[in-house]
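Hi there,

Here is the structure I promised to send over. My notes on it follow below.

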Amino acid sequence: MLTGLLIKNIKCLVQVEDTLRLKVCGDDMSELGTINDAFLLLIDGLISNFGKMEDLDFENIFKDNPNIEIIDAAGKMVFPSFCDSHTHIVYAGSREIEYSEKMQGLSYEEIAKNGGGILNSAKLLHNTTEEELFLQSMKRINEIISFGTGAVEIKSGYGLNLNDEVKMLKVIRRIKDTCPVEVKSTFLGAHSVPEPYISNREKYVDLIINEMIPVIASFELADYIDVFCDRGFFSVEDTERILMAGMKYGMRAKLHANELDFSGGVQTGVKYNALSVDHLECTGDEEINLLLGSETMPTILPGSSFFLGMEDAPARKMIGAGLPVALASDYNPGSSPSGNMKLIMSLGCIRLKMLPSEVINAVTINSAYAMGLSETHGSIAKGKVANVFITKEIPSFEFMPYAYGSNLIETVILKGKIIK
Ligand code: NIG
Ligand code: FE
């Protein structure tokens, strides 16, 4: 017997597509497909049909599927679930003490140099069991699900040795196997140079290439490979070596690039056909021109530049040049301890000067592309996975980023089932 959900009387169904697109670029980012006074039919975990209420053929739907549950969404809007294409949501403990240090004037790089930052999280993770790490991470996963996220990319990178990286990736796999949210996993062994290798970075890169990647690939623990290619972390040469090693095992690149400097990260990402290059605070004409001729999704993380008090990436310049832009949360304990994608939309508007329609494209279809999911997620289209949320009563879709502190997400539906 088929199971189904019919959402009727929807005030506005947002981000509908009749013709599937893999991503949305440039001026098109300000266009949003919407249907007022709409219905949405979800059957067996997929989007089966949608349209205007006046075209809803009640009798036929119930003849084929007598078990359909009906939700009346009068006054409310329906969006496709958020896709969060860049997170470090699996971590141990928290780093609010560094947060206080930051308030007293220390920079992110200074905190990292003093043994804080990523290395601090690596110590905490080392002393946490896999089970405990899973339980801590699940609290955050449940929170982002309730905030409307339906697909999430999760990186390793707080292990920085074989055992602890594998521990993190196994936790990511357990989340993937047990949660209704769609998960993609990324190996980020090159997140920071661990203490034993501080004065011999090259040796750590050798370890990543010769020991970590082959083991992780043999357990099929990672979809993608990432490197923090930036000043004070990993060089272009390190990055190239690691990407080539990962790509041999089918892991496509997704890079941390150009956050702290014009690091050559974007150039390297484009050269190796990365799925995305992320952060991009330091982006100029050369980077933009290279990205224009590529399949790489420029991904901006406004939560981390906001939290660190840094310059933002030049989103307007990128969109003006014809590029697509994705937005993601970067949820992590050091530079962005939040996975609230609705807040990320607000930051996209307030700080990046993107329009509400542009940020909606950036957190749905374009961020789905940045995690290899835009054929199945990121819009309301027939045959796509039934990941949607119903808002509280709101006057317009612009109200979502505008009301930046309000939780406006009332009902969460993942794979066709009501989760909240
Ligand atoms: O994306 N930039 C590098 N990594 C994270 C920060 C991780 C941390 O501070 O724990 C980021 O911002
Ligand atoms: Fe990150």
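Glu-182 forms a salt bridge with Lys-415, with 3.9 Å between the closest N and O atoms; the rule (a side-chain nitrogen of Lys or Arg within 4 Å of a carboxyl oxygen of Asp or Glu) finds one such bridge across the interface of domain 1 and domain 2. This is a predicted model, where local features need pLDDT of at least 70 and side-chain atom pairs count only at pLDDT 80 or more, while totals for chains, interfaces and linings use all residues. Residues are numbered from 1 along each chain as its sequence is written, chains are lettered from A and ligands numbered from 1 in the order written, and side-chain values use heavy atoms, leaving out hydrogens and water.

The domains, whose bounds come from an automatic or database assignment, are domain 1 (4-80 + 379-419) and domain 2 (82-369). Their contact (heavy atoms within 4.5 Å) takes 34 residues from domain 1 and 36 residues from domain 2. Together they bury about 2700 Å², 67% of it on carbon and sulfur atoms; this is the accessible area (1.4 Å probe) lost on being put together, summed over both parts. Lys-23, Met-29 and Pro-401 supply 24% of the area that domain 1 buries against domain 2, more than any other three residues.

As for cysteines, there are zero disulfides (pairs of cysteine sulfur atoms within 2.5 Å) in the structure. The sulfur of Cys-179 has its closest cysteine sulfur 16 Å away, in Cys-83, too far for a bond. For Cys-282 the closest is in Cys-229, at 12 Å, also too far.

Best wishes

Note on methods: Buried area = accessible area lost by both parts, 1.4 Å probe.
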